[in-house]
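Dear colleague,

Please find below the structure that I am handing over to you.

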Amino acid sequence: MKKTIESELLAQSPDGDANQRGLRQALGAFATGVVVITTLTDAGDPVGITVNSFSSLSLAPPLVLWSLNATSPSRCHFDSARRFAVNVLSEDQIALSHRFASRTALKFSNIPVHTGIEGLPLFDGCAAVFECRLQAQHPGGDHVIYIGAVERFEAYPQRAPLLFHEGLYRRIGPPLEGAGEP
Ligand SMILES: Cc1cc2nc3c(=O)[nH]c(=O)nc-3n(C[C@H](O)[C@H](O)[C@H](O)COP(=O)(O)O)c2cc1C
């Protein structure tokens, strides 16, 4: 039994290129949702990026966080914006995830949006949307961590969320037997 477990180990130390691939693969075991973080540039143009590093942080006060690759061309906009929105994608929004994970300059063309606080672009059809005021920003290795205070939210529990696991998009399954409050 022990042998099987050991033979399935990909890497034990995250140093080196090969092990970095192993680390990435191991991190992919952690299933997440998929969100698009949106904001406005100083000129008022919409900006958006697909991320799965989103997490709830605190309930009282209500705080959330996400992280952005420090070399992202979108970084300057998120650094200077006072607010950002978290659009939690639903299972029929894979195309949106692809679009906002790409480097196209036309990310927002033909995307149905409504506007939130101070014109924040919010997507229609999401499972939930959180409008946040930037509270703090911290360096985190090769990423930058943004913490936002939730000022307003929309929730659509009837819409199933889009999931991401081991590098693949997935949909939510039925609850496990015996499932209840954790
Ligand atoms: C499912 C998924 C999750 C992602 N999560 C993140 C993330 O948490 N942080 C990040 O910086 N990039 C993440 N990316 C990559 C960005 O979406 C991608 O690099 C995008 O091109 C960045 O936009 P930019 O060119 O405006 O920086 C993710 C991509 C996908 C498909």
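I begin with the strand pairing. Strand β6 (residues 83–88) and strand β9 (residues 128–140) run antiparallel and are joined by 6 bridges. Two strands are said to pair if DSSP finds at least two bridges between them; helices (H or I, at least four residues) and strands (E, at least two) are DSSP runs, numbered from the N terminus. Within this pairing, N87 has V129 of β9 as its bridge partner.

Before going further, please note that this is a predicted model, in which local features need pLDDT of at least 70 and side-chain atom pairs count only at pLDDT 80 or more, while totals for chains, interfaces and linings use all residues. Residues are numbered from 1 along each chain as its sequence is written, and side-chain values use heavy atoms, with hydrogens and water left out.

Strand β9 also runs antiparallel to strand β10 (residues 143–155), to which 12 bridges join it.

A second hairpin is formed by β4 and β5, with 4 residues between them. These two strands pair in the antiparallel sense over 3 bridges, and S56 has V64 of β5 as its bridge partner. The loop between β4 (55–58) and β5 contains P61, and the peptide bond from A60 to P61 is cis, with omega near 5°. N110 has a positive phi near 65°, although it is a residue other than glycine; N110 lies in the loop between α4 (94–100) and β7 (113–115). For context, most residues other than glycine have a negative phi, and most peptide bonds are trans.

There is also an open sheet of 3 strands, in the order β1-β11-β12, with antiparallel pairing. Strands β1 (32–33) and β12 (168–171) stand at its edges with a single partner strand each, so one side of each is left without a neighbour in the sheet. Strand β11 (residues 162–165) pairs with β12 in the antiparallel sense over 4 bridges, and L163 has R170 of β12 as its bridge partner.

I turn now to the ligand. The ligand sits in the largest pocket. A pocket, on a 1 Å grid over the protein atoms alone, is an open set of points where a 1.4 Å probe fits, with protein on both sides within 12 Å along at least five of seven lines; a molecule sits in one if more than half of its atoms lie within 2 Å of its grid points.

The ligand is surrounded by 19 residues, of which the closest are S53, N69, S72, S74 and R103; a residue is near a molecule if one of its heavy atoms lies within 4 Å of it. This shell divides into 8 nonpolar, 9 polar and 2 charged residues. Strands β3 (46–51) and β5 (63–69) each supply at least two residues of the shell.

An oxygen atom of the ligand lies 2.6 Å from an N or O atom in the side chain of S53. A polar side-chain atom of S74 is 2.3 Å from an oxygen atom of the ligand. A nitrogen atom of the ligand lies 3.0 Å from a backbone N or O atom of S67. The ligand taken alone exposes 640 Å², and the protein buries 82% of that; accessible areas come from the Shrake-Rupley method with a 1.4 Å probe.

With kind regards

Notes:
Polar contact = N/O pair within 3.5 Å; in protein donor to acceptor, adjacent residues only side chain to side chain. 1 Å grid on protein atoms, 1.4 Å probe; cavity = no way out; pocket = protein on both sides within 12 Å on 5 of 7 lines; lining within 4 Å. Nonpolar A, V, L, I, M, F, W, Y, C, P; charged D, E, K, R; others polar.
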